[in-house]
Amino acid sequence: MKKIFLNLGKQPIANSFLSSISKNSLQKEYFYKLKVCFDTENFLVSVKDPVNPKIQYTDEYAHRASESETMRNAFKLTAKKLHERFKPKKVMEIGSNDGVFLKNFKKNKVIAVEPCKNLANLTRKKFKTYPSFWDKKLSNKILIKNSKIDLVFSSNTISHIPNLKETFEAVYNILSDNGVLVIEDPSLSSILKINSYDQFYDEHVYVFSALSIESIVKKYNLKLFDIEKINNHGGSLRYYICKNKGNYKSTARLKKILSEEKTQGLNNLKTFKNFAKRVHKSKQQLIALLKKLKQKNKKIISYGATYKSTTVFNYCKIGTNFFHYVTDTTKNKQGKFTPGMHIPILPPEIGFNESVDIAYLGAWNFKKEIMKKEKEFRKRGGKFITHVPKVKII
Ligand code: TYD
């Protein structure tokens, strides 16, 4: 049974940066109610009323996975590791973005699936790209021209697709008998530990745990046989899944993580109710800190126009009442306004200058990379603030 435990209020689509804040554009801005629930039967955490993917994944989709050095390196290493372990003849990626993972394989070995046309256009000249949503129909279409696939990879995408039945049945259809599905998504355990409630936004329809994935894939004749903790996005899990008839045995580290999740209470509604209380407290503390800094006449900006910060800004009602602007390195976010709270976005070359006193770490998941990059800012007394794992000045 699904039980709502967290209400993050009225939220816009996290990737819908506005080109203009004219009355006309604002009237068209789409909002939905972001409520998060826990399923007491399969331990799955999900957004109560998911947004239609056709509104979310358009040809203006802003995120470029290659934007960060951390992610470029992470995908390169992952590709190498998966290649060595499974020696796949054919690799397919669901949600291939700008090709940051697939570019590490030989061109003729890979198939990209990417519904956002602007992103699909970036990779179609390099390797075979299907500009479509992942479903059974597409898996059949791919199989007309290709043999079954022995490695299907999907990073930060499966958790975005509302219809898990269609997704896993299509994967089953395309996988070879001993093929492997590897998925990476933010870890529920980490979110609860570091209070990163901003991992809940329209795209993250699901936040998976080992417990929930184990339970769900069983329904589709698949089995979770291995798992790995990875650092991406503040703590993610990499799940290794094969067909029931596949040759892979459950690993000791899978058993360990399942047991850790039970100890943490990820199979218990009470754990989530307690988390919701911590989220509420985090909101109050962040607003209080910003008010204090503003009273001291500090110039505050936000660093990284992340999807995650859309949740924080709209939940806490933080906008130009506190921030002068947001800086972001992504070209197609620059010159636009953040969804819902309409804060202008500037390129860091212009916005991250001497006049800035404090920067809220919207891209807290790249804290290490950013701290290294912004040594000069910190040397001259500039400070960062964050809400992860708790509200504080860094
Ligand atoms: P991302 O990690 O994709 O988070 P989300 O999924 O919540 O959007 O986004 C990070 C954003 O931060 C991206 O737009 C690029 C930006 N960024 C900077 O502006 N400067 C930096 O130094 C880094 C690392 C990222």
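**Enclosed space and open pocket**

The model under discussion is predicted.

**The largest cavity**

- The structure holds one cavity of 30 Å³ or more, and the space in the largest cavity comes to about 30 Å³.
- The residues that line the largest cavity are Phe17, Ala305, Thr306, Ser309, Thr310, Phe313, Val326, Thr338 and Pro339.
- Sorted by class, this lining of the largest cavity consists of five nonpolar and four polar residues, with no charged residues.

**The second largest pocket**

- The volume of the second largest pocket is about 580 Å³.
- A total of 21 residues line the second largest pocket, and those nearest its centre are Thr70, Asn231, Asn232, Gly234 and Asn365.
- Two elements, helix 3 (69–86) and helix 13 (367–373), each give two or more residues to the lining of the second largest pocket.
- Helix 3 supplies the largest share of that lining, namely six residues.
- Nine nonpolar, eight polar and four charged residues make up the lining of the second largest pocket.
- Both domain 1 (44–266) and domain 2 (270–393) take part, each providing at least three residues to the lining of the second largest pocket.

**Asn365, a residue of the pocket lining**

- Asn365, one of the residues nearest the centre of the second largest pocket, is placed in the loop between strand 15 (358–361) and helix 13.
- Asn365 has a relative accessible area of 15% and is therefore classed as buried, the limit being under 20%.
- The side chains of Asn365 and Lys308 form a polar contact at 3.2 Å.

- Asn195 occupies the loop between helix 7 (188–194) and strand 9 (206–207).
- The relative accessibility of Asn195 is 8%, so this residue counts as buried.
- A polar atom of the Asn195 side chain lies 3.4 Å from the backbone oxygen of Arg278.

**Backbone geometry**

- The peptide bond that leads from Val388 to Pro389 is cis, and its omega is near 0 degrees.
- Pro389 itself sits in the loop between strand 16 (383–386) and strand 17 (392–393).
- Lys87, a residue other than glycine, has a positive phi near 40 degrees.
- The loop that holds Lys87 runs between helix 3 and strand 4 (91–94).
- Lys87 is classed as exposed because its relative accessible area is 60%, where exposed means over 50%.
- His233 is likewise not a glycine, yet its phi is positive, at about 50 degrees.
- His233 is located in the loop between strand 10 (222–230) and strand 11 (236–243).
- With a relative accessible area of 16%, His233 is buried, whereas Lys87 is exposed.

**Cysteines**

- Zero disulfides are found when the whole structure is searched.
- Cys37 has a relative accessibility of 2% and so counts as buried.
- Cys242 also counts as buried, because its relative accessibility is 0%.

- Leu269 belongs to helix 10, which covers residues 269–295.
- Leu269 is buried, with a relative accessible area of 16%.
- Leu269 and Phe75 are 194 residues apart along the chain, and their C-alpha atoms are separated by 34 Å.
- Glu376 is part of helix 14, which covers residues 375–379.
- Glu376 has a relative accessibility of 57%, so it counts as exposed.
- Glu376 and Ser355 are 21 residues apart along the chain, with 13 Å between their C-alpha atoms.

Conventions:
Residues are numbered from 1 along each chain as its sequence is written. This is a predicted model: local features need pLDDT of at least 70, side-chain atom pairs count only at pLDDT 80 or more; totals for chains, interfaces and linings use all residues. Side-chain values use heavy atoms; hydrogens and water are left out. On a 1 Å grid over the protein atoms alone, a cavity is a set of points where a 1.4 Å probe fits but cannot get out, and a pocket is an open set with protein on both sides within 12 Å along at least five of seven lines; lining residues have an atom within 4 Å of a point. Grid points are joined across faces, edges and corners, and a volume is the space filled by probe spheres set on the points. Helices (H or I, at least four residues) and strands (E, at least two) are DSSP runs, numbered from the N terminus. Ala, Val, Leu, Ile, Met, Phe, Trp, Tyr, Cys and Pro count as nonpolar, Asp, Glu, Lys and Arg as charged, and the others, Gly among them, as polar. Domain bounds come from an automatic or database domain assignment. A disulfide is a pair of cysteine sulfur atoms within 2.5 Å. Buried means under 20% relative accessible area, exposed over 50%, partly exposed in between (1.4 Å probe, protein chains only). A polar contact is a pair of N or O atoms within 3.5 Å; within protein, one must be able to donate a hydrogen and the other to accept it, and residues adjacent in sequence count only if both atoms are side-chain atoms.
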